Amino acid sequence: MEREKVMMEREKKGGVSSSSNGGGMNNVIREMMDVIETVGSYAGYRETQRKECLNLVRRLKLLLPLLEDIKEINNELISSEALNCLVNLKKALFLAKKLVKKCSCGSKIYLALESDAVMGRFHAVYDKLNQALDDMPYDDFGMSEEVKEQVELMRMQLRRAKRRTDTQDIELAMDLMVVFSKKDDRNVDSAILERLANKLQLHTIADLKAETVAVRKLIKRRDVRNAESIQQITDLLGKLKQVAGVDENIELDGPISSKGFKRCQSLLIPHEFLCPITLEMMVDPVIVATGQTYERASIQKWLNSNHRTCPKTGQTLDHLTLAPNFALRNLILQWCEKNHYELPKKNACVGCDGSPAEVVEKISYLVQNLSSSEIDVQKEAVMKLRMLSKENPDNRILIANIGAIPPLVQLLYYRDSIVQEQAVTALLNLSIDEANKRIIAREGAISAIIEILQNGTGEARENSAAALFSLSMLDENKVLIGSLNGIPPLVHLLQNGTTRGKKDAATALFNLSLNQTNKFRAIKAGIIPALLHLLEDKNVGMIDEALSILSLLASHPDGRSEIGRLSFIKTLVEIIRNGTPKNKECATSVLLELGLNNSSIVLAALQYGVYEHLIEITRCGTNRAQRKANSLLQHMSKCEHIP
């Protein structure tokens, strides 16, 4: 009866027959259902957009009951208005499909570099979906209450997604900033590149091969129009290839061992000899509970990261025992002998020779010597542990598990400056591991690191700042560092340190200033004059870093009042006029943050001639800069009418 009433209402509204619109509607519905099915089949989302992609896919699937309901009436009358609304919904779904496909198959480096722009595209998709669903004549379709509830749920989720503040991986953003800085001597730092490789999931040969293809397509399609961004993407890809042991001029057509093999010969290695995790020749193959074989060091690292599944099959492991695969090891040895290949040494510990048991024994011996009563023995032990923890992630886990962190923390209080410097650097290396961050803070290291930051040698102060940055990746450590008065000595290093020291201080202060209370502490400690000096000092090359911190501080009332001086507005406009594309992007972002809260700042910027430069940015700036410039121009048009 309800359906009959709906049909009668359609006829009163001048609905058209299914003979004219039914076929078109059938096609539209089928296309939309195909799109949702295709979107649901994508996988391997880039880490920077994984959560947003999964949320969008889940929301799109809520539309399926609506489409199924509409299919049931495809032989009945339907208005042209309803069909047009379905076509608009289809267009929104195709936009969603294109975006999710890019996040699944596109360049990981590009998606990280342009994470803010990509997030903007997600919100554009939400707008399109919202508009299409808002205009939909639901009564014409005679929807069930259950379907109505699901559609309303999706609309509510889309509205909430639009309001949500964008978040980003701060450590990833700062690491990219360091690597892309042409004047930063740390841009070849293996620890930073290793962190980027892990976060971007570009640490295996298969990953790098796929990324190379994606970058080539990116350039061919001219998705990136900014020459500097293209250069940054290709440069970073080259660095990550070097870390993986791949020469830039070698095609990535197969697995490559980075240790003891000639790279071109590795293409001939039988597939079954390669560890499924690293795609390198197995030296110590072991069998897990599912029957799969892995290199011992690789699967042990997987298990040490609290995984309890088989990486290849995804099955939960019944137990964590690793059984040596002697049969496969013998086959590998025979093959190496026959083909005159030298089997690489076990890499359970970089800098350690011997079996895994001997490696553990050696590290245990060094840890024991940290508590020796002889200063020379302590020095040798801490120096060796520093080196062992520098390059290899497995070493960091092993050294911490054997108990090195508590005695290293105690050595931070030692009177000898060399011991202090070696200890704080070893803890910096160990803190790269997520679990170690908590252990180091729990052992009371932060107050001692701050003390060294104030009174240590030059290198010790720089490494202390870097350690505070690493530890502050955990929110509870941000609070702890601020409460222990760690911000003033960082500001002092930012003002008076070497270029390296200034950069270390800047990365730490940026991360700490994500906390609102720490913003006030940094402002009180005099960070803003120090940042303004960096903007004016072209030799240091830290304009982007300074502007990034100022953008955070501009959200604090005290920060806005200090940053909003006319001399600073003039400096901002000069950067927007003459800076690099990234400089212009950051400066526009700061000016927008200031202007939204103070119309007089906008009017001052207009007097300094910012308008024409913002217009230029909207035409040829970075994606993020274009959006910020457009927002600022819109706000300026309102401010100009203020009496």
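A crossing of two helices is called left-handed if the near helix is turned anticlockwise from the far one by less than a right angle. In the predicted model described here, H31 passes H32 with a crossing of that left-handed kind.

**The chain as a whole**

The protein chain contains 35 helices and 3 strands, and of its 643 residues 51% count as buried. Among the contacts in the chain with a separation of 6 or more, 69% are accounted for by residues 24 or more positions apart. In the span of residues 526–563, the end C-alpha atoms lie 12 Å apart, and the span is 74% helix and 0% strand.

Helix H31 takes in residues 566–578, and because 13 residues at 1.5 Å a residue should span 18 Å, the separation of 18 Å between its end C-alpha atoms agrees with expectation. Its buried residues are Phe568, Ile569, Thr571, Leu572, Val573, Ile575 and Ile576.

With H32, helix H31 packs at an angle of about 145°, the two axes being 8 Å apart. On the H31 side this contact is made by Phe568, Ile569, Leu572, Ile575, Ile576, Arg577 and Asn578, while H32 contributes Asn583, Lys584, Ala587, Thr588, Val590, Leu591 and Leu594. Sorted by class, the contact of H31 with H32 has 9 nonpolar, 3 polar and 2 charged residues.

**The pair H22 and H23**

Another helix pair is formed by H22 (residues 445–455) and H23 (residues 458–471), whose axes come within 8 Å and cross at roughly 145°. Here, too, the passage of H22 by H23 is a left-handed crossing. From H22, the residues Ile446, Ile449, Ile450, Ile452, Leu453 and Gln454 meet Ala460, Arg461, Ser464, Ala465, Ala467, Leu468 and Leu471 in H23. By class, this contact of H22 with H23 has 10 nonpolar, 2 polar and 1 charged residues.

**Helix H26**

Helix H26 (residues 499–512) has 14 residues, which should span 20 Å at 1.5 Å a residue, and therefore the 20 Å between its end C-alpha atoms agrees with that expectation. The helix is mostly covered, with 12 of its 14 residues buried. The buried residues of H26 include Lys502, Lys503 and Asp504, as well as Ala505, Ala506, Ala508, Leu509, Phe510 and Leu512.

**Individual residues**

| Residue | Relative accessibility | Class |
|---|---|---|
| Val602 | 2% | buried |
| Gln201 | 25% | partly exposed |
| Asn485 | 46% | partly exposed |
| Glu146 | 58% | exposed |

Val602 is found in helix H33, and it counts as buried because its relative accessibility is 2%, where the cut-off for buried is under 20%. When residues up to four places away in sequence are not counted, Val602 touches Gly595, His635, Met636 and Cys639. The C-alpha atoms of Val602 and Ser637 are separated by 9.9 Å, although these residues are 35 residues apart along the chain.

Glu146 is placed in helix H9 (residues 145–163), and at 58% relative accessibility it counts as exposed. Glu146 and Pro65 are 81 residues apart in sequence, yet 8.9 Å apart in space, C-alpha to C-alpha.

Gln201, although it is not a glycine, has a positive phi of about 55°, and its place is in the loop between helix H11 (190–199) and helix H12 (205–220). Asn485 is a residue other than glycine with a positive phi near 65°, and it lies in the loop between helix H24 (475–483) and helix H25 (487–496). Gln201 counts as partly exposed at 25% relative accessibility, and Asn485 counts as partly exposed at 46%.

Note on methods
Residues are numbered from 1 along each chain as its sequence is written. This is a predicted model: local features need pLDDT of at least 70, side-chain atom pairs count only at pLDDT 80 or more; totals for chains, interfaces and linings use all residues. Side-chain values use heavy atoms; hydrogens and water are left out. Axes are lines fitted to C-alpha atoms, for helices over the stretch in contact, and angles run from 0 to 180 degrees between N-to-C directions. Helices (H or I, at least four residues) and strands (E, at least two) are DSSP runs, numbered from the N terminus. Contact means heavy atoms within 4.5 Å. Ala, Val, Leu, Ile, Met, Phe, Trp, Tyr, Cys and Pro count as nonpolar, Asp, Glu, Lys and Arg as charged, and the others, Gly among them, as polar. The expected span of a helix is 1.5 Å times one less than its number of residues. Buried means under 20% relative accessible area, exposed over 50%, partly exposed in between (1.4 Å probe, protein chains only).
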